[in-house]
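This report goes through a protein model part by part. Please keep the sequence and the 3D view open while reading.

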Amino acid sequence: METTRSRPEQSIRDIQHFGEEGGVVPVIDVAATSTFLDPADMERTFQGEMQGCYLYSRHSNPTVNFFGKKLAAMEGATAALGVASGMAAITCTIDQIFRSNGKVGGHLVSSNTVYGGTYALFKNILPTRGIAVDFVEATDLAAVEKAFRPETRVLYVETLSNPLLSAVDLRALSALCRKRKILLVVDNTFAPLIVRPLELGADVVVHSCTKFISGASDLIAGAIAGSEEFIASLIDVNHGSVMLNGPVMDPRVAHELYLRMDHLPIRMQAHARMADFLARRMAEMKLPVIYPGLESHRQHKLLKGTANPEYGFGGILTLDCGTSERARDLATKLQDDKFGLYAVSLGFSRTLMSCSAKSTSSEIPEDEQKAIGLSPGLLRFSIGYIGDAETMWNRFLKCWKAVSA
Ligand code: PLP
């Protein structure tokens with residue numbers, strides 16, 4: 001597989017239509033299928049001999065392509081593809097890589113702290129397709145190297161893990177992978193704009209666009225960014241995992257996301273400002289808070305060396321309330337006091353809270369949760385940017401004091 005996957009800068013002509021029909025935003029092209037004047041052109045397009053023609057929207061769509069180009073520009077990728085969900089991005093990426101050498105099965109090494117849905121996919125579904133999976137502590141380079149086997153094809157990590165917020169050394173991991181021709185796949189859902197994994201040596205980046213990229217918690221979407229060759233392989237009419245499994249992005253969704261990406265930088269800054277403010281106040285009170293922007297965070301220095309300083313350290317923080325009862329009690333009080341909403345997901349304008357152990361990480365068995373340090377009392381906050389910071393802090397403090405009394 002071609003490994004040139006990052007490029008410095010896209011031309012304005014790659015992401016903008018000019019001329020008489022070139023509105024400042026692309027049109028929503030809802031056509032499911034496209035016309036050909038010459039039937040021979042249709043045949044050549046199906047054979048892959050003719051480029052530039054749209055044939056059917058499960059294969060490609062102009063509006064979805066516009067979104068893909070914008071996402072590729074954000075990730076510094078040569079190409080990107082919008083898909084139906086974050087899980088579709090992960091599933092199709094893994095499926096495509098494992099089938100690309102013509103062999104059945106293989107071995108995947110995953111970080112042991114990943115989103116619960118990803119964990120369940122790797123643990124319960126991949127083995128049924130002949131893919132063996134090992135979960136390792138990905139901040140431990142020796143452990144990762146030890147887990148590699150001759151048949152390992154993929155190392156899978158999250159830039160900032162869900163929900164523990166541990167950050168991996170992408171440069172070092174990519175060097176380990178390169179030595180053995182293993183592909184490094186990175187889920188960058190928690191850190192869009194903050195980290196560009198492809199520039200640090202990753203081969204493929206996946207996103208749940210449902211989160212920060214959407215920002216409104218009103219749609220489900222995903223994206224895959226990487227080399228032009230890899231992205232094209234996903235929509236190959238004979239072998240493409242997106243083309244043939246079919247989880248494509250709807251052009252209306254692509255259009256929404258295209259527009260929202262323009263204010264993603266402002267939103268990411270606002271999330272980080274509020275999260276940093278609250279995390280520091282919690283840390284001053286010696287509460288067990290984890291936020292990558294705090295100097296006390298285990299990989300703060302590492303992240304500082306790779307993160308774009310314009311965007312801070314993200315909008316997610318966690319607080320260990322000790323027990324699940326206390327976490328639930330605090331969350332209920334915070335919701336009643338208009339600090340945030342008790343809901344899974346993240347990246348919304350308002351604060352969202354959930355007890356990870358019993359929700360988005362419930363797929364991970366209790367003993368493994370314990371082994372990775374996921375406490376039953378861990379409350380994950382996706383910090384919103386709506387409201388005044390001092391007011392939000394006072395609401396938090398009142399509720400914290402009430403549960404601590
Ligand atoms: N990756 C991460 C880190 C997530 O947190 C999630 C969902 O919470 C996903 C992937 C899956 O995304 P989606 O819900 O859009 O399928």
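The sections below cover the domains, the nonpolar cores, a surface patch, the salt bridges and some backbone details.

## Basis of the model

The model is predicted, so local features need pLDDT of at least 70 and side-chain atom pairs count only at pLDDT 80 or more, while totals for chains, interfaces and linings use all residues. Residues are numbered from 1 along each chain as its sequence is written, and side-chain values use heavy atoms, with hydrogens and water left out.

## Domains

The protein is divided into domain 1 (12-262) and domain 2 (264-404), with bounds that come from an automatic or database domain assignment. Their C-alpha centres lie 27 Å apart. Between them, 38 residues of domain 1 are in contact with 40 residues of domain 2, where contact means heavy atoms within 4.5 Å.

## Nonpolar cores

A nonpolar core is taken here as a set of buried Ala, Val, Leu, Ile, Met, Phe, Trp, Tyr and Cys residues joined through side-chain atoms within 4.5 Å. Buried means under 20% relative accessible area, exposed means over 50%, and partly exposed is in between (1.4 Å probe, protein chains only). In soluble globular proteins, nonpolar side chains tend to be buried together.

The largest nonpolar core has 85 residues, and the members touching the most others are L71, L155, L319, L330, F381 and F396. Helix α11 (residues 264-284) gives the largest share of this core, eight residues. Helices (H or I, at least four residues) and strands (E, at least two) are DSSP runs, numbered from the N terminus. Both domain 1 (12-262) and domain 2 (264-404) supply at least three residues each to this core. Apart from neighbours within four places in sequence, F396 has contacts with M282, L287, L319, L330, L334, F339 and F381. There is also a second, separate core of 31 residues, with I97, Y119, Y156 and L234 among them.

## Surface patch

V24, V25 and L259 make a nonpolar surface patch of about 260 Å². Patches are made of residues with over 30% relative accessible area and no salt bridge; like charges are joined within 9 Å, and nonpolar side chains (Val, Leu, Ile, Met, Phe, Trp, Tyr) within 5 Å. Accessible areas come from the Shrake-Rupley method with a 1.4 Å probe, and for residues only the protein chains shown count as cover. L259 belongs to helix α10 (residues 251-260) and is partly exposed, at a relative accessible area of 34%.

## Salt bridges

Side chains of opposite charge can pair when their charged atoms come close. A salt bridge is a side-chain nitrogen of Lys or Arg within 4 Å of a carboxyl oxygen of Asp or Glu, and by this rule the count comes to 19. In one of these, D203 pairs with R178, the closest N and O atoms being 3.2 Å apart. D203 sits in the loop between β5 (183-187) and β6 (204-208) and R178 in helix α7 (residues 170-179), so the pair ties together parts that are 25 residues apart in sequence. D203 is buried, at 7% relative accessible area, whereas R178 is partly exposed at 41%.

R280 forms a salt bridge with D276, and their closest N and O atoms are 2.9 Å apart. These two residues are four apart in helix α11 and so are separated by about one helical turn. R280 is partly exposed at 30% relative accessibility, and D276 is partly exposed at 22%. K358 and E366 form another salt bridge, with closest N and O atoms 3.6 Å apart. K358 is exposed at 59% and E366 is exposed at 61%. D134, R149 and E151 are linked in a network of salt bridges.

## Backbone details

Most residues other than glycine have a negative phi, and most peptide bonds are trans. The peptide bond from N162 to P163 is cis, with omega near 5 degrees; P163 lies in the loop between β4 (152-158) and α7.

K286 has a positive phi, near 65 degrees, and is not a glycine. K286 lies in the loop between α11 and β8 (289-290) and is exposed, at 72% relative accessibility. S345, also not a glycine, has a positive phi of about 80 degrees. S345 is in the loop between β10 (341-342) and β11 and counts as buried at 17%.

S354 is part of strand β11 (residues 352-355) and is buried, at 2% relative accessibility. Neighbours within four places in sequence aside, S354 is in contact with Y342, A343, V344, S359, L378, L379 and R380.
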